[in-house]
Amino acid sequence: MRTAAARAAALVTVIGVIGLLPWLSGRDAALSVLRARSAEQAATDEALDAIREDLGLDAGPSTLLARWAAGLLRGDLGSSWVSGAEVLPSVVGALRVSLSLMGVSLVVALLVATALCAGTVVRAARGTLRRTGTGAPAAVLASVPEFLLATVGLLVLGVWLGALPTSGWTGPESMVLPALAMGLPAGGLLGRLVDDAVPAVAGERWTGLWRASGVSSPRIAGAVLRRALPAVAPQFGLVAVGLTGGAVAVETVFAVPGIGRTALGAAKSQDLPLLQGAVLALLLLGLAAGAAAQVSRTRLLGPGLRDAALALPAPRRASTGRVGRAVPAVLAAVLALVTVWGMLRDPFTVDTAARLMPPSWTHPLGTDGLGRDVLARLGHGARDTVGVAGLVCLLSYVFALVIGFLPRFAAGVADVANALPPVIAGILVAAAVGPGTVGASLAVASISWPPLAAHAAALVQETRSAGFLSAQRAIGATEFWVLTRHVLPSVAGPVARHAVLRLPGIALALASLGFLGLGAQAPAPEWGLLLDESRAYIERAPWAALAPAVALALLAGLAVSLSALTVSRRTLGPSAVADAPLAKDASPMKDASPVADPSSVADPSAVQDPSPVKEVIA
């Protein structure tokens, strides 16, 4: 009931704020509608008054919202203020296109994620997993801008090779390029999350018991994967929704008539009925995906969650080795060198005679379309890009940890917030506080915390259901002690690595809002703006787009490799506790023997532990 109430409250709040958009923005909605209907018509007082009377704008926002809600109860979303067409068929058609594209993109993402984490799962099943990697390949893949992938794919596969259509929605072949552009970064994110969860599961005692009992490696691998997936299951739902409503840039590049592009066009023209209908469809989709992910997670955990018999993963942290320690040092040195070298140069000097110059001694990274030095703009933009994105990431992480301890509330609000495209959130925030870096930061922060909160809530619920915590409570441990000494250390590390993995994505979201006039404005040397400015001439001067893209990839690799070095193993007390979670029916008078047939156990984490309960309590 609390989850349903949180979802309903968040849904009503978002729809209500959208209904206030013309009044929050301070712009005349009648003028926006007039320009959208006919850009050449003069904005006379008579024409504007006629539009206000036709749309009922003089009645005020409360009356318009009431009328819209009454129509919604009858299944009527109203008519578009711009075209006059019915909103419901337009929204259904756009949603059908976006769902088809989302399905293909999700398949690509799952294939990529499987390739990234397959080696870790196999080694965990064989018992040969000695150390975890830095996750740099997945982090780099997740940091590649979707619109840059879309532009490169369009240029290479569509224009140069002519193998695939470059725009429009004509059939299955039109899905290939957009699906690759969206699925590759999403697969990198999911692969990193699963790869991060598997080593912790491999440290649970039941995996050794299964191997000792002769269970085959493929069966153990399946059980390990099943045990690791519940913690990241909510992320699959969030990614699916993000592929539907958050693909505005990709839909724009390929002229795909999806729901995200429809919502963006309605927001720009202040077509309130169409915007409300599109966002409502996205929010309902987000709620459905969140509910499906929660059901899948509960079924994966099985009775262990209900009976508080889950083992708490607590592997010892293996040494990362010299290579692991050298990776972040090398990446940091390269980024520092580029930043310092670029800050010694002028990023604003325009030299039209040196437009689109290739890299040389004078311009080590070449020049852009106005003849400005790319190295200088890259170095000066590091402060704004990395600094602002890091602050937003930190705020989202702290808020996600706090709200993650309220899993029912977090699930409801996160589903709604995640379904809201960043562009729409940016328009709403900019309407209230005005365009600029602050407004863009608030907009991105408002939608960056749901994946982290969902991850934290899932880990909190699993950790609270750990078997040995029942013994802690039985001997008088307070709930505060359990939360601070066991639950929080078990949640903070994985969520921190997740937050670091999303740092480049936050930087790109800030850049996309700046490109739309809602964030950093030109000629600011912001990395995302550099990418956007270079898209028009990427075929003639690829170095202008390659420089900020590589910088974002290096930033992602640095952040993830540093997190792999600094995350310590969970604090669970003595080593006996870390290695021996309490079995559900263990007795202090005897040791629990290994199961005769471990493969028959439905919940791998509920396998009895051979350690005495007195060691666990100690």
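Colleague: In which loop is Ala-255 found?

Modeller: Ala-255 is found in the loop that runs between helix H12 (248-253) and helix H13 (259-268), where helices are DSSP runs of H or I with at least four residues, numbered from the N terminus. This is a predicted model, in which local features need pLDDT of at least 70 and side-chain atom pairs count only at 80 or more, while totals for chains, interfaces and linings use all residues. Residues are numbered from 1 along each chain as its sequence is written, and side-chain values use heavy atoms, without hydrogens and water.

Colleague: What is the value of phi at Ala-255?

Modeller: Most residues other than glycine have a negative phi. Phi of Ala-255, however, is near 55 degrees, a positive value in a residue that is not glycine. Leu-356, in the loop between helix H16 (321-343) and H17, likewise has a positive phi, of about 55 degrees.

Colleague: Is Leu-356 buried or exposed?

Modeller: Leu-356 counts as buried because its relative accessibility is 9%, whereas Ala-255, at a relative accessible area of 29%, is partly exposed; buried means under 20%, exposed over 50% and partly exposed in between, with a 1.4 Å probe and protein chains only.

Colleague: How many cavities of 30 Å³ or more are there?

Modeller: The count comes to 4, a cavity being a set of points on a 1 Å grid over the protein atoms alone where a 1.4 Å probe fits but cannot get out, lined by residues with an atom within 4 Å of a point.

Key
1 Å grid on protein atoms, 1.4 Å probe; cavity = no way out; pocket = protein on both sides within 12 Å on 5 of 7 lines; lining within 4 Å. Points joined across faces, edges and corners; volume = space filled by probe spheres on them. Helix = DSSP H or I, 4+ residues; strand = E, 2+ residues; numbered from the N terminus.
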